[in-house]
Amino acid sequence: MNTTISMSYVMIGVMLLLAVTCVFADSAEQWLPGNRRFVMAGVLVVYTGVRWYRLQVFKKRLHEEQHGSN
């Protein structure tokens, strides 16, 4: 697997972990008061979805380029 693809999956995992931390960590109330932690978690989940979708498109294009030139 391509290093770029692997690192993208790692970043997706890190962002999802950060979103879960925003929602469930007791200390999150200190740095994201009120509903801001839920908003931040929502933004991270949406951005993670966008990154995942773009990664799938990139993988498909890369696969087509590698097999289309043969």
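This report describes the overall fold, the nonpolar core and a surface patch of a predicted model.

**Overall fold**

The protein chain contains three helices and zero strands, in the order α-α-α along the sequence. Its radius of gyration is 16 Å, whereas a compact globule of 70 residues would have one near 11 Å. Among the contacts with a separation of 6 or more, 60% join residues 24 or more positions apart. The table lists values for the whole chain.

| Property of the protein chain | Value |
|---|---|
| Box filled by the C-alpha atoms, along the principal axes | roughly 55 × 15 × 15 Å |
| Buried share of the 70 residues | 20% |
| Accessible surface | about 5400 Å² |
| Part of that surface belonging to carbon and sulfur atoms | 65% |

**Nonpolar core**

Ala19, Cys22, Leu32, Ala41 and Leu44 form the largest nonpolar core, which has five residues. Helix H1 and helix H3 (36-68) are the elements that give two or more residues to this core. One of the core residues, Leu32, touches Cys22, Arg37 and Met40 when residues up to four places away in sequence are not counted.

**Surface patch**

Met7, Val10, Met11 and Val14 make a nonpolar surface patch of about 330 Å². Met11 lies in helix H1, which covers residues 3-24. The relative accessibility of Met11 is 35%, so this residue counts as partly exposed; that class runs between the 20% limit for buried and the 50% limit for exposed.

Notes
Residues are numbered from 1 along each chain as its sequence is written. This is a predicted model: local features need pLDDT of at least 70, side-chain atom pairs count only at pLDDT 80 or more; totals for chains, interfaces and linings use all residues. Side-chain values use heavy atoms; hydrogens and water are left out. Patches are made of residues with over 30% relative accessible area and no salt bridge: like charges are joined within 9 Å, nonpolar side chains (Val, Leu, Ile, Met, Phe, Trp, Tyr) within 5 Å. Accessible areas come from the Shrake-Rupley method with a 1.4 Å probe; for residues, only the protein chains shown count as cover. A salt bridge is a side-chain nitrogen of Lys or Arg within 4 Å of a carboxyl oxygen of Asp or Glu. Helices (H or I, at least four residues) and strands (E, at least two) are DSSP runs, numbered from the N terminus. Buried means under 20% relative accessible area, exposed over 50%, partly exposed in between (1.4 Å probe, protein chains only). A nonpolar core is a set of buried Ala, Val, Leu, Ile, Met, Phe, Trp, Tyr and Cys residues joined through side-chain atoms within 4.5 Å. Contact means heavy atoms within 4.5 Å. The radius of gyration is taken over C-alpha atoms; the globule rule is 2.2 Å times the number of residues to the power 0.38.
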